[in-house]
Amino acid sequence: MNSCIFLISARNNLLKECLTKLDSNYNKNHNYPVIIFYHGDRYDNKNFRESIREINPNTEYRFHSIIPQIPDHIEEKDLFWNLPNNYARNFRGRLGYLHANYFWNNFMNFPEMNQFDYLMRIDDDSWFKEPIEIDFFDELDKQKGYFGTGFTWNHFGPNHLDTREQLFNWIKYYVEKYDVDIRNQQLRKSLDGPQDNSEFHTLKWNCGNLNVYNRKMFETDTWKQYLAEFNELAGGYRYRWGDCEVIGLYAYMYLDNPLIDFRLRDQGLYSPQLPNTNCVIT
């Protein structure tokens, strides 16, 4: 199966532990290539790269540097931290995260990914806690899905609302502009309700830090149209909309089987964060 595991990393203090646990609890049985994207020169050090490759000599670890830039059609004043909410104000200076946000929603268009038919996205603090017996890509096919996730969640609070500002309105605009026949009943019902209603915010969201994709999902005209609208708005830079919401809402709009839940957290096999994980300011 022509598949890979990929991530964008800014935390070299976590990366080796993450990939070691990924290998021992999952990938040693498959040896899927692991593609590590990073900004600038963070992982240019040859000795560090070799220390990663020593995790498993049978697995190919590829490093790819990205030179990020703010889209030409927006300015610094348009960035997320200028929004009038506490979360945004406290986010000031985390431009690297906004660049990563762009990557998480556009990874399928990076040339380094073109050769792969199946893609698994993790974070550099993803914690593979115990052995996982299934092959995620096989399981995706067995369940006739294009999109799978390690676990789902649907709670929301002030921080979630602060990082979804204007998302409801944008989705409603998009649906009306393209006359989308929404597949998911809850999403369809929510868009008929008041702005930012609980039906919209309590959809089952993918975990983001362990997602599995069949590339066919991204080769459709509807995905290309949707992503072009998102990038034209620069929703990741203006509002910090992440792939949980952006890719998740696409699936709920267009797919009859929108999300395969592997339920790894319920089984004690996976956690979204390694112990002692801290954010990095980049």
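Residues are numbered from 1 along each chain as its sequence is written, and side-chain values use heavy atoms, with hydrogens and water left out. Because the model is predicted, local features need pLDDT of at least 70 and side-chain atom pairs count only at pLDDT 80 or more, whereas totals for chains, interfaces and linings use all residues.

**Exercise 1.** Determine how α7 and α10 pack, and which residues meet in their contact.

Solution. Start with the elements: helices (H or I, at least four residues) and strands (E, at least two) are DSSP runs, numbered from the N terminus. Helix α7 covers residues 167-178 and helix α10 covers residues 221-233. Next comes the geometry, for which axes are lines fitted to C-alpha atoms, for helices over the stretch in contact, and angles run from 0 to 180 degrees between N-to-C directions. On this basis α7 and α10 pack at an angle of about 135°, their axes being 12 Å apart. Angles under 35 degrees count as roughly parallel, over 145 as roughly antiparallel, 65 to 115 as roughly perpendicular and the rest as oblique, and α7 and α10 are therefore oblique to each other. Finally, with contact taken as heavy atoms within 4.5 Å, α7 contributes W170, I171, Y173, Y174, K177 and Y178, which meet T222, Q225, Y226, E229, F230 and L233 of α10. Sorted by class, this contact of α7 with α10 has eight nonpolar, two polar and two charged residues, where Ala, Val, Leu, Ile, Met, Phe, Trp, Tyr, Cys and Pro count as nonpolar, Asp, Glu, Lys and Arg as charged, and the others, Gly among them, as polar.

**Exercise 2.** Work out how α12 packs against α7 and against α10.

Solution. Take α7 with helix α12 (residues 243-254): the two pack at an angle of about 35°, with axes 12 Å apart, and their crossing is right-handed. From α7, the residues L167, I171, Y174 and V175 meet E245, L249, M253 and Y254 of α12. This contact of α7 with α12 comprises seven nonpolar, no polar and one charged residues. Now take α10 with α12, which pack at an angle of about 140° with axes 11 Å apart; that makes α10 oblique to α12. The crossing in which α10 passes α12 is right-handed. Here T222, W223, Q225, Y226 and F230 of α10 meet E245, V246, I247, L249, Y250, M253 and Y254 of α12, and the residues of this contact divide into nine nonpolar, two polar and one charged.

**Exercise 3.** Describe the aromatic pairs Y102 with Y237 and F107 with Y213.

Solution. A pair of aromatic rings is described by the distance of the centres and the angle of the planes. Rings of Phe, Tyr and Trp (its six-membered ring) pair if their centres lie within 6.5 Å, and planes under 30 degrees apart count as stacked, over 60 as edge-to-face and the rest as tilted. The structure holds 37 such aromatic pairs. One of them, Y102 with Y237, is tilted, at 6.5 Å centre to centre and 40° between the planes. Y102 lies in helix α4 (residues 95-106) and Y237 in helix α11 (residues 235-238), so the pair ties together parts that are 135 residues apart in sequence. For exposure, buried means under 20% relative accessible area, exposed over 50%, and partly exposed in between (1.4 Å probe, protein chains only). Y102 is partly exposed at 34%, whereas Y237 is buried at 3%. The pair of F107 and Y213 is also tilted, with 5.3 Å centre to centre and 40° between the planes. F107 sits in the loop between α4 and β4 (118-122) and Y213 in strand β9 (residues 210-214), 106 residues apart. Both F107 and Y213 are buried.

**Exercise 4.** Locate N31 and D196, and state what is noted about the phi of each.

Solution. N31 lies in the loop between α1 (12-25) and β2 (34-39), and D196 in the loop between α8 (185-191) and α9 (198-201). N31 has a positive phi of about 55° although it is not a glycine, and D196, also not a glycine, has a positive phi of about 55°.

How values were computed: Left-handed = near helix turned anticlockwise from the far one by under 90°.
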